[in-house]
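Here are some notes to read with the model open. Please check each point against the structure as you go.

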Amino acid sequence: MAIAAQVSIPIHVRTFRALRKLPSIPTVIVSLTIFLAVFANLVVPHPPTQIHLEKSRQAPAFIEGGEVKYILGADRLGRDILSRIIKGAQVSMMVVAVSVTLGAAVGTAIGLTAGFHGGWPDAFLMRIVDAMLAFPAILIALVFAVTLGPSFWVVVAVITLLLWAPFARLVRGQTLSWKGRDFVNLAKVAGCSNLRIILVHILPNVRDSIVVLATLQVGWVILIEGTLSFLGAGIPAPTPTWGSMVADGRELIRSAWWMSMFPGVAIFAVVLSFNLLGDWLRDTLDPRLRQL
Amino acid sequence: MGVLVVSRLIQAVFTLLGVSIALFFLSHASGNPVDAFVPIEASPEDRERLIHHLGFDKPVYVQYWRFITHAVRGDFGESLRNKQPNMSLVKARFWNSIKLASAALLWALCISLPLGTLAAVHRGRFWDRVAMTLALFGQSLPAFFTGILLIYIFAVVFNVLPVQGAGSWKHYILPTIALGWGVSAALTRLLRSSMLEVLDSEYIKLARAKGLRESIVVWKHALRNALIPLVTFIGFTWGVIMGGAIATEVVFGWPGMARLAYEAVVTRDTPLLQSVVLVWASIIIGANLVVDLLYGVIDPTIRA
């Protein structure tokens with residue numbers, strides 16, 4: 001007896017077709033940034049913190065006075081700009097990875113709890129969220145940096161502190177709308193514990209929104225980290241960060257514009273790409289999320 | 001309505017108190033604040049004398065009580081570096097910041113109102129793409145880099161505009177653009193989606209059915225209603241602008257409060273930083289309060 005064979009598209013074909021739909025340029029830039037971040041120490045043409053005073057303010061290779069060895073020029077202490085940009089990518093991506101993960105985790109947990117249980121914990125938590133969203137991030141970050149001293153973990157802590165609120169608000173809203181659905185009520189009737197309902201039934205449905213918000217927040221995190229480094233409240237020297245590179249080049253903008261321009265363009269390109277990618281993800285996964 | 005005002009006012013005061021407490025205890029969290037600026041050569045007795053003189057040897061809640069009782073009288077203590085009363089330092093720069101922030105907001109509105117409306121009206125076509133691209137760029141550029149870019153173009157390549165300080169009206173141009181750029185991006189997006197919703201509504205269809213000219217329908221009727229969500233956003237944006245102001249004021253050497261905060265950060269002048277942040281927080285809380293109350297006036301549907 002013949003049973004119609006089930007035709008299933010093999011997974012590698014499905015993945016390829018999905019990948020092809022990605023917006024090309026932003027994906028390339030994002031992938032390149034992540035690649036450079038992971039392999040920075042192997043890829044840099046020069047050690048990023050090595051000082052060569054005789055090469056101070058060396059012009060980039062495509063301008064007269066430049067040499068190919070320092071393809072994007074050198075800064076005031078003769079450190080290669082390209083290597084510092086690559087290393088800076090690693091620093092930025094590390095800050096992003098840790099703080100977005102933590103912020104999303106904390107925010108999701110709080111949002112799920114507030115949305116599911118409702119009542120006064122909900123009102124109380126949402127008041128805090130509102131208060132946090134009303135404050136300019138830079139101010140809070142500056143105060144922290146001054147009193148606790150600038151360091152990687154202080155920066156991450158501050159950014160996480162500012163980041164959890166949007167996740168909490170989003171997840172809470174979604175939880176509220178999923179909570180009323182029939183399958184949740186059925187689960188309750190069947191005797192599922194609250195924890196199980198939250199984790200097994202509600203969380204997977206909220207997952208898409210979290211991913212979209214996380215991608216859109218990456219750009220913001222990079223900008224904040226950059227601004228903090230620019231103001232001297234970020235990760236301290238000698239670690240190269242894009243923000244501090246722009247700050248270093250500020251006084252020499254007339255004579256050595258490459259010191260500020262290239263890291264600035266790097267920030268712009270990466271943030272733009274993450275934003276475009278986030279927009280595309282949102283449109284693909286659920287256009288209803290447009291209010292994000 | 002009166003109850004709403006009073007309750008909001010009380011909430012605002014509590015938030016402000018909360019902020020001041022958080023600030024105060026944060027600065028005492030990492031050891032005695034005096035260590036931040038005591039010179040290395042000072043002997044232990046000198047350090048003790050300084051601690052006693054500045055009152056840092058009292059228990060923390062006593063210090064906080066002194067701080068609050070002085071603060072409500074307008075005395076925010078002395079700056080550690082400048083030995084001047086903090087309040088006078090802040091007051092001198094206060095209006096400069098307000099002027100710059102207002103100019104930036106005005107500029108942002110001038111750009112985003114027409115752009116957002118055009119984007120919504122010509123959805124999917126040329127103006128929409130232009131507006132969305134500009135908005136995307138505005139949200140992807142950090143404020144400090146915009147400033148540096150503007151300086152490079154308008155002062156280094158074409159030597160046309162001044163870039164430091166706040167002397168004449170010409171000094172306003174570049175910082176306003178730099179500061180307003182990011183805000184206009186968010187405002188354009190918001191106005192566009194708000195307009196899209198409004199243009200779909202019943203009363204707009206009625207206005208068109210009545211035979212009104214399209215330009216009146218859009219610019220007189222639709223726009224007014226689309227502006228409502230913008231009002232709340234502007235209140236919230238005021239705080240954001242003050243935040244972005246730090247980078248802009250530093251880059252352009254603007255003598256404002258934000259740059260004062262930056263200098264306090266650099267010199268680890270905790271009392272000065274506390275004072276600036278408190279004044280700043282009051283402005284933000286005050287602005288949000290005004291917007292909350294104004295919202296009830298503008299949108300009759302929520303007044304009930």
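1. Terms and numbering. Helices (DSSP runs of H or I, at least four residues) and strands (runs of E, at least two residues) are numbered from the N terminus. This is a predicted model, in which local features need pLDDT of at least 70 and side-chain atom pairs count only at pLDDT 80 or more, while totals for chains, interfaces and linings use all residues. Residues are numbered from 1 along each chain as its sequence is written, and chains are lettered from A and ligands numbered from 1 in the order in which they are written.

2. Confidence. pLDDT is the predictor's confidence in each residue, from 0 to 100. Chain A has a mean pLDDT of 82, with 93% of its residues at 70 or more. For chain B the mean is 77, and 79% of the residues reach 70 or more. In chain B the lowest mean among the elements, 69, belongs to helix H3 (residues 60–71), and the highest, 88, to H5(B). The model as a whole scores ipTM 0.79 and pTM 0.82.

3. Make-up of the chains. Chain A contains 10 helices and zero strands; chain B contains 12 helices and zero strands. The C-alpha atoms of chain A fill a box of roughly 75 × 65 × 30 Å along the principal axes. Two residues are in contact if their C-beta atoms, placed from the backbone, lie within 7 Å. Taking contacts in chain A between residues at least 6 apart in sequence, 71% join residues at least 24 apart. The corresponding value for chain B is 72%.

4. Burial. A residue is buried if 20 or more other C-beta atoms lie within 10 Å of its own, exposed if 12 or fewer, and partly exposed in between, with C-beta atoms placed from the backbone. Of the 292 residues of chain A, 46% are buried, and of the 304 residues in chain B, 37% are buried.

5. Two residues as examples. A:Asn185 is part of helix H7 (residues 182–189) of chain A. Why does A:Asn185 count as exposed? Because A:Asn185 has 12 other C-beta atoms within 10 Å. Its C-alpha atom is separated by 44 Å from that of A:Glu225, 40 residues apart along the chain. B:Met242, in helix H10 of chain B, is buried because 27 other C-beta atoms lie within 10 Å. B:Met242 and B:Arg93 are 149 residues apart in sequence, yet 13 Å apart C-alpha to C-alpha.

6. Helix H5 (residues 137–148) of chain A has 12 residues and reaches 16 Å from its first C-alpha to its last. That is close to the expected 16 Å, where the expected span is 1.5 Å times one less than the number of residues. In H5(A), 11 of the 12 residues are buried, including A:Ala141, A:Leu142 and A:Phe144. A:Gly149, with a positive phi near 80°, follows H5(A).

7. Which residues of helix H9 (residues 214–226) of chain B are buried? They are B:Val217, B:Val218, B:Ala222 and B:Ala226. The face turned away from the buried side carries the exposed residues B:Ser215, B:Ile216, B:Lys220 and B:Arg224.

8. Between the chains. The contact takes 38 residues from chain B and 33 residues from chain A. Several helices of chain B each supply at least two residues of the side that touches chain A, among them H1 (2–27), H10 (228–252) and H12 (270–298). By class, this side of chain B has 28 nonpolar, nine polar and one charged residues. Here Ala, Val, Leu, Ile, Met, Phe, Trp, Tyr, Cys and Pro count as nonpolar, Asp, Glu, Lys and Arg as charged, and the others, Gly among them, as polar.

9. The core. A nonpolar core is a set of buried Ala, Val, Leu, Ile, Met, Phe, Trp, Tyr and Cys residues joined through C-beta atoms within 7 Å. Of the 153 residues in the largest one, A:Ala141, A:Leu142, B:Ala261 and B:Val276 touch the most other members. Helix H8 (residues 194–230) of chain A gives the most to this core, with 16 residues. Neighbours within four places in sequence aside, B:Ala261 is in contact with A:Leu142, B:Ile246, B:Leu273, B:Val276 and B:Val277.
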